[in-house]
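Please walk me through this structure, one feature at a time.

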Amino acid sequence: MRTLKKVIVYALLLSGSAVFLVPLLWMVSTGLKPLDQTMSMPPTWLPYREYVQDGGQLRERKAGEVVTATATVVRKVSFRWENIGLAITAMKYFPRYLFNTLFLCLLTVTGTVLSSALAAYGFSRIEWRGRNRLFVVALATMMVPFPVVMVPVYCLFRSVGWIGTLKPLWVGSFCAGAFNVFLLRQFFMTIPKDLSEAARIDGCGEFRIFWQIVLPLCRPALMVVGLFQFMATWNDFLGPLIYLTEQKDYTLALGLQFFQSQHGGTEWHYLMAASTLIALPVIILFFFTQKTFIEGISMTGIKG
Amino acid sequence: MTRGERHSLWIGLLFVSPWIVGFLAFTLYPVIASTAYSFCDYDVLSKPVWIGTLNYREMLTDSVFWQSLRNTLYFAAFSIPLGLVMSLSVAVLLNQSVRGRSVFRAIFFLPSLIPVVASSMIWLWILNGNFGLLNHALKSIGIAHPPQWLADPAWTKPSLILMSLWGVGHAMVIYLAALQDVPRSLYESADLDGAGAWSRFRHVTLPMISPVIYFNLIMGIIGSLQVFSQAFIMLGGGGPQRSALFYAVYLYLNAFEYRQMGYACAMAWVLFIIILFLTWVATRSTRKLVYYAAE
């Protein structure tokens with residue numbers, strides 16, 4: 001009975017994870033194929049090259065070449081790594097997209113971590129009149145869905161002439177979002193009050209207590225907030241779609257969608273190579289920060 | 001107020017000032033302006049013109065609006081429960097004493113991290129009617145005429161629901177963390193009472209993780225009613241016969257394609273009310289089922 005149960009559990013897990021992996025593997029595989037092989041039936045997982053062996057000699061088979069009866073066709077696995085370079089060239093402004101995206105990531109991560117930490121500190125480690133009432137207001141703002149504020153915020157940025165620039169995509173991150181403030185506040189409250197009291201008696205100013213005592217102790221929580229913000233900026237599609245107008249200002253996400261809308265439904269190998277390039281940094285980042293990730297998500301789920 | 005109190009009030013306000021600025025500029029002002037715009041005819045280029053409740057009345061007779069609402073509710077009605085069952089099942093499997101748990105967890109979690117643009121490209125390709133991997137697989141198990149997925153109005157929504165199930169890893173991680181927090185002693189006493197596997201799950205596991213299920217349910221309602229990016233990227237303005245024109249997509253089109261900002265704001269408020277209503281219904285109907293151990 002116990003072994004039967006074990007077998008079933010492993011069978012389900014293995015088949016389930018195979019199903020979850022297939023789309024990603026298919027993306028990588030298609031991205032490394034020549035165009036004709038992306039649409040060949042039946043599909044092949046490994047890109048190949050065909051050779052003709054006629055007598056002793058082995059030479060590459062030409063496209064559509066009919067092979068004589070004496071010769072045999074040999075298939076050898078061969079990845080088209082050049083697709084990556086070709087996809088980058090085909091997307092035209094790829095280096096700009098990458099630069100814009102990294103620029104936004106840098107600014108939004110810095111902005112979010114700094115401003116949320118400041119606000120969370122003010123909401124948890126200093127006693128002042130009206131603090132808790134204001135924090136309830138902060139929590140309430142989390143309920144407002146983005147579409148409600150989308151149009152007025154767009155008009156606001158338009159009135160200062162920022163449409164078509166990257167500014168609307170990072171300025172807001174310096175204004176401490178309620179969710180991150182909530183998350184960090186939970187963490188700040190676990191640090192003993194005596195620590196701040198002792199520093200205050202020694203004549204330490206509030207900002208120094210924040211910067212030199214509390215922040216270093218909260219590094220794990222700050223990591224979570226920064227990491228999530230990086231992912232959000234890297235993945236964001238709606239923001240760039242609304243605010244950016246010039247192709248050279250696009251982010252990677254918007255640039256890829258633009259490329260697809262131009263070449264849709266044909267150049268699948270380039271599309272998949274480009275998708276791999278955009279997904280890969282996120283996957284690599286996940287493997288290096290897995291623990292922070294999983295803990296962060298569990299934290300938001302259980303405390304929220 | 002004493003001098004000390006006044007001092008700490010100023011220091012406190014100074015620390016939370018980034019939030020206050022953001023609250024005023026990006027929440028309070030937009031909420032007020034959005035309410036006002038929703039009673040106006042506004043195309044951004046010229047000044048808003050007050051038209052009373054015309055936008056809201058227009059919604060009642062706008063058949064595209066109703067279609068987008070139906071599409072969205074259809075999507076939510078399937079993706080939320082299916083996603084819940086799927087993420088919870090995977091989490092329960094991973095919570096058994098299995099080797100390589102962290103590897104499995106990473107594999108199931110990974111798809112939910114992939115940027116939505118990239119995952120949309122992947123699924124456009126997999127769901128391709130002629131050369132897609134899915135239809136090839138279906139043909140190889142004997143289905144001669146598999147659906148044309150994104151080209152067939154009857155299959156666009158199921159396609160997007162299928163795709164949403166690929167991204168349940170996030171919820172799965174939350175469930176797994178909750179399952180690991182269930183005290184072992186509860187299972188031991190259930191064993192002593194002679195409870196079987198199902199009855200242990202039903203009477204120990206489910207009540208203990210019910211707050212997390214409730215949390216994921218609410219997040220699911222909020223998220224799936226605002227589904228936008230994948231539908232917009234894969235099917236543009238709504239796909240064949242507007243079969244995948246979701247609420248948020250129609251709202252976006254009204255705001256930024258048709259330049260009917262007033263109508264878009266009115267739609268946004270109706271969406272907010274629908275979300276609040278469904279959240280209230282979900283809270284009411286699960287109130288007796290959610291168990292808070294610590295309180």
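Predicted model: local features only at pLDDT ≥ 70, side-chain atom pairs only at ≥ 80, totals over all residues.

Q: How many residues of chain A are in contact with chain B?
A: Two residues are in contact if their C-beta atoms, placed from the backbone, lie within 7 Å. Here 71 residues of chain A are in contact with 68 residues of chain B. Helix 1 (residues 2-31) of chain A gives the largest share of chain A's side, twelve residues. Helices are DSSP runs (H or I, at least four residues), numbered from the N terminus. By class, chain A's side has 51 nonpolar, 15 polar and five charged residues. Ala, Val, Leu, Ile, Met, Phe, Trp, Tyr, Cys and Pro count as nonpolar, Asp, Glu, Lys and Arg as charged, and the others, Gly among them, as polar.

Q: Which residues touch the most other members of the largest nonpolar core?
A: A nonpolar core is a set of buried Ala, Val, Leu, Ile, Met, Phe, Trp, Tyr and Cys residues joined through C-beta atoms within 7 Å. Buried means 20 or more other C-beta atoms within 10 Å of a residue's own, with C-beta atoms placed from the backbone. The largest core has 148 residues, and A:Val181, A:Leu184, B:Met172 and B:Tyr175 touch the most other members. Helix 4 of chain A supplies the largest share, eleven residues. Leaving aside neighbours within four places in sequence, the contacts of A:Val181 include A:Phe123 and B:Trp19.

Q: How do helix 13 and helix 14 of chain A pack?
A: Two packed helices are described by the angle between their axes and the distance between the axes. Axes are lines fitted to C-alpha atoms, for helices over the stretch in contact, and angles run from 0 to 180 degrees between N-to-C directions. Here the angle is about 170 degrees, and the axes are 11 Å apart. That makes helix 13 of chain A roughly antiparallel (over 145 degrees) to helix 14 of chain A. Among the residues that meet are A:Phe259 in helix 13 and A:Ile278 in helix 14. The contact divides into seven nonpolar, two polar and no charged residues.

Q: Which residues of helix 13 of chain A are buried?
A: They are A:Leu252, A:Ala253, A:Leu254, A:Gly255, A:Leu256, A:Gln257, A:Phe259 and A:Gln260.

How values were computed. Residues numbered from 1 in each chain as written. Chains lettered and ligands numbered in written order. Helix = DSSP H or I, 4+ residues; strand = E, 2+ residues; numbered from the N terminus. Buried ≥ 20, exposed ≤ 12 C-beta atoms within 10 Å, placed from the backbone. Parallel < 35°, antiparallel > 145°, perpendicular 65-115°, else oblique.
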